Amino acid sequence: MAESSEPQAPLPATDEDVARFLALADNDEGWTEKLSRPDSGVWQRQEKGSDINMLKARIDYDDVEAPVLYDVLHDPYYRRVWDENMIDGFEICRIDALNDVGYYSMRWPTPLDNRDYVNVRSWRASPEQYVIFNYSIPHPKMPKRPGFVRGVSFLSGYIIRPLEKGCRLYYVTHNDPKGHIPTFLINRAMTRLVPKIGEKLRAACAAYPEWKGRHQPDFKPWLEEVPSRCNLPNYEESLSCDLVDAKGKLLVQSTAEQGMDHVDLPEVNVAAPNGLEADDDEQSPRPDAADMEPGP
């Protein structure tokens with residue numbers, strides 16, 4: 001019998017999937033240490049069939065509570081506040097209460113093309129730890145868009161664990177931004193970006209409670225067993241939704257455009273990785289490579 005050509009709905013993450021992701025943080029076998037500090041560390045691991053290394057980072061915060069960091073990483077409206085490289089982002093469809101499919105696009109340094117991703121995202125929350133992870137899939141209604149290179153997240157995400165004071169964040173990513181960038185440069189740049197990301201998240205967490213108090217303080221569907229965003233279509237329904245026009249222009253409203261005011265966060269400077277420096281362009285501002293987020 002011929003196989004069906006109909007797109008198959010992605011399966012929700014199982015407990016085994018979550019356990020495998022957690023093991024990446026807890027198991028040191030095969031990892032090479034690239035950075036060691038009292039409050040942070042970075043490791044890389046070669047992956048079979050890929051020239052892009054998997055990266056693992058650990059960051060300890062003594063001034064950030066685990067639930068706040070989890071909310072900051074989840075809140076789609078706040079993402080545009082602390083992630084100045086974000087262009088657009090929205091949820092395409094729900095899989096179930098703990099899994100969805102979303103779109104995210106981001107600025108890259110001139111002269112490189114901007115990147116975008118379509119990812120399945122899964123999450124879990126408990127008093128002991130908070131978990132968010134994603135991987136890329138194709139979606140028939142979200143094809144490649146002009147002006148963007150479609151990146152691929154093989155597996156990326158966060159693990160947050162409370163400490164006696166503050167919390168510990170693990171960030172794990174195996175992410176290929178595609179395009180014509182030497183893989184050795186990607187591997188080196190990813191390692192050097194981690195300190196910047198850690199400090200940016202610290203500042204974002206400090207500003208979040210006050211900001212959230214003024215912007216839908218009760219809107220936290222990622223904490224609900226039956227999410228209040230249940231008006232999202234399921235995967236099958238999303239196949240009949242028009243998300244872009246024939247020229248690739250978005251037909252849905254991004255969370256980056258929904259009227260949320262900006263918060264000035266402390267500026268954090270890290271030297272740009274060699275070979276990825278940005279050009280100045282006042283008409284179309286692009287981030288310096290040191291300000292880049294690795295991906296969604």
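Visitor: Why is proline 10 called buried?
Guide: Proline 10 has a relative accessible area of 13%. Buried means under 20%, so proline 10 counts as buried. The model is a predicted one.

Visitor: Where does proline 10 lie, and which residues does proline 10 touch?
Guide: Proline 10 belongs to the segment before helix H1 (15–26). Leaving out residues up to four places away in sequence, proline 10 touches Ile95, Val101, Val120, Tyr135, Ile137 and Tyr235. Asparagine 99 is 89 residues from proline 10 in sequence, yet their C-alpha atoms are 9.4 Å apart in space.

Visitor: How much of the protein chain counts as buried?
Guide: The share is 51% of the 296 residues. The chain holds 5 helices and 10 strands. Of the contacts between residues at least 6 apart in sequence, 66% join residues at least 24 apart.

Visitor: What makes helix H2 mostly covered?
Guide: In H2, 7 of the 9 residues are buried. These are Ala66, Leu69, Tyr70, Asp71, Val72, Leu73 and His74.

Visitor: At what angle do H2 and H4 pack, and how far apart are their axes?
Guide: Two packed helices are described by the angle between their axes and the distance between the axes. For H2 (residues 66–74) and H4 (residues 183–214), the angle is about 100 degrees and the axes are 9 Å apart.

Visitor: Why is H2 called roughly perpendicular to H4?
Guide: Angles of 65 to 115 degrees count as roughly perpendicular. The angle of about 100 degrees falls in that range, so H2 is roughly perpendicular to H4.

Visitor: Which residues make the contact of H2 with H4?
Guide: H2 supplies Val68, Leu69, Asp71, Val72 and Leu73, while H4 supplies Leu201, Ala204, Cys205 and Tyr208. By class, the residues of this contact are 8 nonpolar, no polar and 1 charged. Asp counts as charged, so Asp71 is the charged residue of the contact.

Visitor: How does the reach of H4 compare with the expected span?
Guide: H4 has 32 residues, and 43 Å separate its first C-alpha from its last. That is close to the 46 Å expected at 1.5 Å a residue.

Visitor: Where in H4 does the kink lie?
Guide: The kink is at tyrosine 208, shortly before proline 209, and amounts to about 45 degrees. Tyrosine 208 is also one of the H4 residues in the contact with H2.

Visitor: Which residue follows H4 with a positive phi?
Guide: Glutamine 216 does, with phi near 45 degrees. Glutamine 216 is not a glycine, and lies in the loop between H4 and helix H5 (235–238).

Visitor: Why is glutamine 216 called partly exposed?
Guide: Its relative accessibility is 38%. Buried is under 20% and exposed is over 50%, so glutamine 216 falls in between and counts as partly exposed.

Visitor: What is the phi of lysine 178, and where does lysine 178 lie?
Guide: Lysine 178 has a positive phi of about 60 degrees, although it is not a glycine. Lysine 178 is in the loop between strand S10 (167–176) and H4. At 35% relative accessibility, lysine 178 counts as partly exposed.

Visitor: What kind of peptide bond joins threonine 110 and proline 111?
Guide: The bond is cis, with omega about 10 degrees. Proline 111 sits in the loop between strand S5 (99–106) and strand S6 (114–125).

Notes. Residues are numbered from 1 along each chain as its sequence is written. This is a predicted model: local features need pLDDT of at least 70, side-chain atom pairs count only at pLDDT 80 or more; totals for chains, interfaces and linings use all residues. Side-chain values use heavy atoms; hydrogens and water are left out. Axes are lines fitted to C-alpha atoms, for helices over the stretch in contact, and angles run from 0 to 180 degrees between N-to-C directions. Helices (H or I, at least four residues) and strands (E, at least two) are DSSP runs, numbered from the N terminus. Angles under 35 degrees count as roughly parallel, over 145 as roughly antiparallel, 65 to 115 as roughly perpendicular and the rest as oblique. Contact means heavy atoms within 4.5 Å. The expected span of a helix is 1.5 Å times one less than its number of residues. The bend at a residue is the angle between axes fitted to the seven residues ending there and the seven starting there. Buried means under 20% relative accessible area, exposed over 50%, partly exposed in between (1.4 Å probe, protein chains only).
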